[in-house]
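Please keep the sequence and the model in view while reading.

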Amino acid sequence: MPSLLRLTYASRARFDDVNGSAGIHPEVARILIQSRRNNPRRGLVGALYFGDGCFFQCLEGPAAEVEALYQQLHADPRHHDLKVLAREEIARRSFASWAMKLVPNAAEVRRLMARHGRATFDPYSFDADLLASMNRLLIEGPDAKLAAEVVTPPPGAPEPALGLRYAMAVLGVVLLGVVATVAVAR
Ligand SMILES: Cc1cc2nc3c(=O)[nH]c(=O)nc-3n(C[C@H](O)[C@H](O)[C@H](O)COP(=O)(O)O)c2cc1C
């Protein structure tokens, strides 16, 4: 059996972080879709976090595949300044159920940073302790909704506000009808 590797790295996005946005950045969603499509073919799994303009990604799988993807990632213009934070041989995958899990910019991560006296997410300066805690959060944290669901609503799905307006208009017409019927009957 080929040896399994977990590679954790940090990088900086070349696009602006949309701060305070409830959704997932469209560029991150695209990365997620590509990862979920490609990784199963290569026996790869992992997790991705994006916060304060920085990526934190954990890749697990056969060592040769992990290293090949990591090399390929250097050519991606959406990020730069890639730095390996940990490279460790593992007995089994921690993210076995996810081709690429996306952990949302959650309160848990902000709390972890605050506990370590940090105002922002800066993985380049993580010590071993913070790296282990962040890895635990990735493993235990929630998976964000599928990118496609968050970025673009499914075609034909009415907006809730629109549905409400429609219901009120129908009610208005029905009431008008009742009033008119009563008036005519008199
Ligand atoms: C932060 C970051 C993480 C990425 N992670 C993966 C990944 O896990 N798997 C993958 O196939 N592509 C990943 N990509 C995208 C690749 O760089 C590349 O664009 C993609 O694999 C090309 O896929 P395609 O040949 O199917 O278009 C990532 C890109 C970025 C910026």
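The sections below treat the overall fold, a pocket, the ligand surroundings and selected residues.

## Basis of the model

This is a predicted model, in which local features need pLDDT of at least 70 and side-chain atom pairs count only at pLDDT 80 or more, while totals for chains, interfaces and linings use all residues. Residues are numbered from 1 along each chain as its sequence is written, and side-chain values use heavy atoms, with hydrogens and water left out.

## Overall fold

The protein contains six helices and five strands. Helices (H or I, at least four residues) and strands (E, at least two) are DSSP runs, numbered from the N terminus. Read from the N terminus, the order of the elements is β-α-β-β-α-β-β-α-α-α-α.

Of the 186 residues, 38% count as buried; buried means under 20% relative accessible area, exposed over 50%, and partly exposed in between, with a 1.4 Å probe and protein chains only. A contact means heavy atoms within 4.5 Å. Among contacts with a separation of 6 or more, 79% join residues 24 or more positions apart.

## The second largest pocket

The second largest pocket has a volume of about 310 Å³. Its 17 lining residues include Ile-31, Gln-34, Ser-35, Leu-73 and Asp-76, which are the closest to the centre. On a 1 Å grid over the protein atoms alone, a pocket is an open set of points where a 1.4 Å probe fits, with protein on both sides within 12 Å along at least five of seven lines, whereas a cavity is a set from which the probe cannot get out; lining residues have an atom within 4 Å of a point. Grid points are joined across faces, edges and corners, and a volume is the space filled by probe spheres set on the points.

Helix H1 (26-38), strand E3 (54-62) and helix H2 (63-73) each contribute at least two lining residues. H1 gives the most, with four residues. The lining has seven nonpolar, seven polar and three charged residues, where Ala, Val, Leu, Ile, Met, Phe, Trp, Tyr, Cys and Pro count as nonpolar, Asp, Glu, Lys and Arg as charged, and the others, Gly among them, as polar.

## Around the ligand

There are 17 residues around the ligand, and Ser-35, Arg-37, Asn-39, Asp-76 and Arg-78 come nearest; a residue is near a molecule if one of its heavy atoms lies within 4 Å of it. For Asn-39, a polar side-chain atom lies 2.8 Å from a nitrogen atom of the ligand.

Ser-35 lies in helix H1, and its side chain reaches the backbone oxygen of Ile-31 at 2.7 Å. Such a polar contact is a pair of N or O atoms within 3.5 Å; within protein, one must be able to donate a hydrogen and the other to accept it, and residues adjacent in sequence count only if both atoms are side-chain atoms. Ser-35 counts as buried because its relative accessible area is 10%.

## Two further buried residues

Val-103 is found in strand E5 (residues 101-103) and counts as buried, at 5% relative accessibility. Beyond its neighbours within four places in sequence, Val-103 is in contact with Leu-48, Tyr-49, Leu-138 and Pro-142.

Phe-126 lies in the loop between helix H3 (107-115) and helix H4 (128-140). Its relative accessible area is 12%, so Phe-126 is buried. Not counting residues up to four places away in sequence, Phe-126 touches Phe-56, Met-113, Arg-118, Phe-121, Leu-131 and Met-134.
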